[in-house]
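Here is a short briefing to read alongside your viewer. Please keep the sequence and the model open as you go through the points.

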Amino acid sequence: MPLKPQLTEDMKAAMKGGDKHALGVIRLMLAAIKQREVDERIELDDAAVLAVLEKMVKQRRDSVSQYEAANREDLAQVERDEIVVIERYLPEKLGEDAILAAIASAKAETGAAGPADIGKLMAVLKPQLAGKADMGVVSRLVKQSLG
């Protein structure tokens with residue numbers, strides 16, 4: 001089932017089940033998706049919906065680190081709880097071994113050999129790994145591989 005209808009169904013189930021926390025987070029996700037659709041005047045496919053959800057997770061992780069720095073563990077926990085709900089809809093992240101295999105394959109495909117080729121390698125890897133791996137980790141591994 002595509003993600004948007006899945007979110008709508010889960011929202012209805014959360015309403016019926018009385019799960020106020022999940023209901024609130026799902027509504028936030030649907031609002032972010034709708035906002036992007038209205039802003040860009042397009043209908044988002046699953047890949048674009050995943051990008052929106054990943055952005056939401058990243059924003060919440062940033063908030064958690066800021067709240068922890070300010071000794072506001074109560075607010076940090078609220079953000080962590082939201083991350084848990086959002087991550088239910090994201091695909092399983094690839095492990096480091098799978099990322100390294102993708103990097104090796106992309107290096108063979110592009111002929112990348114040194115630090116000057118990082119951009120070329122990332123251009124090939126980004127569409128392959130978007131949504132499946134943390135691109136910060138991918139970038140770090142690419143730099144190690146070429147450095």
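Is Arg41 buried or exposed? Arg41 has a relative accessible area of 76%, and because the cut-off for exposed is over 50%, Arg41 counts as exposed. Please bear in mind that this is a predicted model.

**Overall picture**

- Going along the sequence, the pattern of elements reads α-α-α-α-α-α-α.
- The C-alpha trace spans about 55 × 40 × 30 Å along its principal axes.
- Of the 147 residues in the chain, 35% are buried.
- Among contacts in the chain with a separation of 6 or more, 57% are between residues 24 or more positions apart.

**Surface and charge**

- The side chains include 22 positive and 24 negative ones.
- The centres of these two charge sets lie 3 Å apart.

**The largest pocket**

- The largest pocket holds about 600 Å³ of space.
- Its lining is made of 23 residues, and those nearest the centre are Glu54, Lys93, Ala133, Asp134 and Met135.
- Helices α3 and α7 (135-146) are the elements that give two or more residues to this lining.
- Helix α3 gives the most, with 9 residues.

- As background, most residues other than glycine have a negative phi.
- Arg41 is not a glycine, yet its phi is positive, at about 55°.
- You will find Arg41 in the loop between α2 (20-40) and α3.
- Asn71 also has a positive phi, near 55°, and is likewise a residue other than glycine.
- Asn71 sits in the loop between α3 and α4 (73-87).
- Asn71 counts as exposed because its relative accessibility is 70%.

**Gln66 in helix α3**

- Gln66 belongs to helix α3, which covers residues 46-69.
- With a relative accessibility of 56%, Gln66 counts as exposed.
- Gln66 and Ala76 are 10 residues apart along the chain, and their C-alpha atoms are separated by 8.2 Å.

**Glu82 in helix α4**

- Glu82 is part of helix α4.
- Glu82 counts as buried because its relative accessibility is 13%, and the cut-off for buried is under 20%.
- Which residues does Glu82 contact, leaving aside its neighbours within four places in sequence? They are His21, Val25, Leu28 and Arg60.

**Asp10 in helix α1**

- Asp10 is located in helix α1, residues 3-17.
- Asp10 is partly exposed, since its relative accessible area is 22%.
- Setting aside neighbours within four places in sequence, Asp10 is in contact with Ile26 and Tyr89.
- Asp10 and Glu96 are 86 residues apart along the chain, and 32 Å separates their C-alpha atoms.

Conventions
Residues are numbered from 1 along each chain as its sequence is written. This is a predicted model: local features need pLDDT of at least 70, side-chain atom pairs count only at pLDDT 80 or more; totals for chains, interfaces and linings use all residues. Side-chain values use heavy atoms; hydrogens and water are left out. Helices (H or I, at least four residues) and strands (E, at least two) are DSSP runs, numbered from the N terminus. Buried means under 20% relative accessible area, exposed over 50%, partly exposed in between (1.4 Å probe, protein chains only). Contact means heavy atoms within 4.5 Å. Lys and Arg count as positive and Asp and Glu as negative; His and the chain ends are not counted. The place of a charge is taken as NZ of Lys, CZ of Arg, CG of Asp or CD of Glu. On a 1 Å grid over the protein atoms alone, a cavity is a set of points where a 1.4 Å probe fits but cannot get out, and a pocket is an open set with protein on both sides within 12 Å along at least five of seven lines; lining residues have an atom within 4 Å of a point. Grid points are joined across faces, edges and corners, and a volume is the space filled by probe spheres set on the points.
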